[in-house]
Structure formats: structure tokens, C-alpha cells
Amino acid sequence: MIKKNWISFINQLQNDVCKALEAADGKAKFFEEKWERAGGGGGVTRIISNGNVFEKGGVNTSVVFGKVTDTMRRQLNMDGNEWFACGLSLVIHPINPFVPTVHCNYRYFELYDVDGNIIDRWFGGGTDLTPYYLFEEDAKHFHQTYKDVCDQFDKDFYQTMKKECDDYFVNHHRNNERRGIGGIFYDHQKPNEKQDIDFWFNFAKACGYVFTDAYIPIVEKRKQTAFTEQHKHWQEIRRGRYVEFNLIHDRGTLFGLKSDGRTESILMSLPQTVRFEYNYQPKVGSDEDKLLQVCLHPKDWINDYNEDANEWAKRANVC
């Protein structure tokens, strides 16, 4: 029953998110491609491109299963006879450099023994934001939205999952530079006596359905902002960091490729245009450098922002 309900959830989430993104774009529509995996299962890939707002994006669902291979045992540290995985994954790359890229993924996994009994199962997911120019009020809105959801389930979730996010989406080979300003991330969350399978299912649903509340208002606020070629240049430099993370470090990409997933759907996360310039460094103190510094030194967006806002208010009153 859990598998059936989870599949229904991700299909509904895919529909809701695509509808909201199309409305925000005002021009482009998602086209859909259904695919089958030779080893078992398949999925639905939906792609949006060349719109008013979104340059390229994908909102994908997959329901896949198969035998645990020697490669999976060796490279993914997975033991068992068969596996099942089902989830939704999206990445949206905007045209305007003042609109952030966003990523979202929610998934459920089961592992079986030779008799078909479940020997392990877990939930994973999260949503994170990758801006090219920093607007602290946008960062606060995004993080506060997910903190509000986390607090409904466990008051410790947000800080724990924010740190997990900050520590996961990292290009370790670039001085531990984060690809963005984070969000929440959790993985291998297994049902137990305190937090049963319904608890984690409901948590994932709440996080998934609040995605449009977290992201679309930022899109609407920034999509008409004027920009220059210099802004686009920096956007493509930062996209290079995004590509590096996805191809070098991302566990989802690795699992998809090692389990014979559909390459086009896995790599839909990559942007259309990107730059790799030798040892590119933004000017110290510039808006570009401001973004880089928060990627190097993650912030507590909620508490730090409130402190900054209070300080700004004091200064305004003094003036």
C-alpha cells in the first residue's frame, strides 16, 4: 500500500508543480515523454524550455526496480537481492540571473531479500536554492517556508536538515564551496517506533507540496528585473559550479547511472549554457563576491537575517 500511495503522491506533485511553473512563465509549456527502463520500471519526464522566464527545466518522476548488481554492491554499498525506488526530481534554470535556480527531490526506497521480504527501506529528499545574485529577503523567505514545515513535525528538523544540506551540496575540490544557499536535505530516514512510515510519508508530502510557496513568489518578484551581459556571464560561471557538483559528487546522479537509469532524464539537471573560465575570481566586494562568500561560509538565514534587519532598523532610526 505504501508504494501505491507514494506513486500517487509524486504523480500529483508533478502535476501541481508543472502547472505552477507554467503559470509563472506565461509562455512555455512542459512537454512529456514517458520512458521504460530495461531492467524494470520507468518514468515520466517533463521538460520546459525557451520560455519567458525558464531557460530549461525538468520535473521528472520515476518508478524503477531491479536486481542488485555487483556494481551497485561495490560502488553504492548496497546489499540485498532486489530493490525498488520511486521519486520526483526537478531542476529549474531561469533565464534571468536575478531569478535563482532551484532543485527539489523526494524519494522512497525499498530493498528485498531472495524471498521478496523487505529488509530495508528509507525516505530521502530536500529542496535547495541556487541564486546568482543574493537577495537576503529571498533567502529568508525560502528557508522560513521550510522551517515552518519542519517545525510541524519536529522542532529539531530544520537546523539538522539545513546543516545536512549545507554539508551535502558542496564542491569539496573548490575549497568546500557550496553550489548555492541551501535549504533542507535528509537521506536514509528509516521508520522506527517514534517516527513510523506514515510520519516520514506525511513529512515528505508536506515538504513537496510547499515547494511552490517557497519558490514561485521569488520568481514573480525577480523575473522582470533588468540584467546585462555581465550578469549573464556570472550566471554561467556559477552554473559551471552546479555542473561540477552534479557530475562529480551527487549521489542521485551516481545511483541513476549505475542502476542503468535513463541518461537523458538523469542529466536534464544540467543547464543549456555554462562557462568554465580558468581561475575566474569576482572582484572583491562586488555583488558577485557577496554571493560567493555565502557559498563559502553558509549563513543562518533566519536568525542572522533577523539580527541584520534589527540592526538596519536601528541605523535608520538614528539617521
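## The largest pocket

In this predicted model, the lining of the largest pocket divides into 20 nonpolar, 17 polar and 10 charged residues, where Ala, Val, Leu, Ile, Met, Phe, Trp, Tyr, Cys and Pro count as nonpolar, Asp, Glu, Lys and Arg as charged, and the others, Gly among them, as polar. The pocket has a volume of about 1100 Å³, and of its 47 lining residues R107, R251, G252, F255 and G256 lie nearest the centre. On a 1 Å grid over the protein atoms alone, a pocket is an open set of points with protein on both sides within 12 Å along at least five of seven lines, a cavity is a set where a 1.4 Å probe fits but cannot get out, and lining residues have an atom within 4 Å of a point. Grid points are joined across faces, edges and corners, and a volume is the space filled by probe spheres set on them.

Strand 4 (82-94) gives the most to this lining, with 7 residues. Among the other elements that each supply at least two residues are strand 3 (54-67), strand 5 (101-112) and helix 8 (251-258); helices (H or I, at least four residues) and strands (E, at least two) are DSSP runs, numbered from the N terminus.

## The second largest pocket

The second largest pocket holds about 230 Å³ of space. It is lined by 16 residues, of which R174, R241, N279, Y280 and Q281 lie nearest its centre, and helix 7 (residues 229-248) provides the largest share, 5 residues. By class, this lining has 7 nonpolar, 2 polar and 7 charged residues.

## Cavities

The structure holds 2 cavities of 30 Å³ or more. The largest has a volume of about 60 Å³, and its lining has 10 nonpolar, no polar and 1 charged residues, including F98, L129, D138 and I218.

The second largest cavity, of about 30 Å³, has a lining of 4 nonpolar, 2 polar and 4 charged residues. Strand 6 (118-130) and helix 4 (157-168) each supply at least two of its lining residues.

## Confidence and conventions

The chain averages a pLDDT (the predictor's confidence in each residue, from 0 to 100) of 91, and 95% of the residues score at least 70. Over residues 307-319 the pLDDT is below 50, and beyond near neighbours in sequence this stretch has 3 contacts in the model, a contact being heavy atoms within 4.5 Å. Where pLDDT is low, the predicted coordinates should not be read in detail.

Residues are numbered from 1 along each chain as its sequence is written, and side-chain values use heavy atoms, with hydrogens and water left out. Local features need pLDDT of at least 70 and side-chain atom pairs count only at pLDDT 80 or more, whereas totals for chains, interfaces and linings use all residues.
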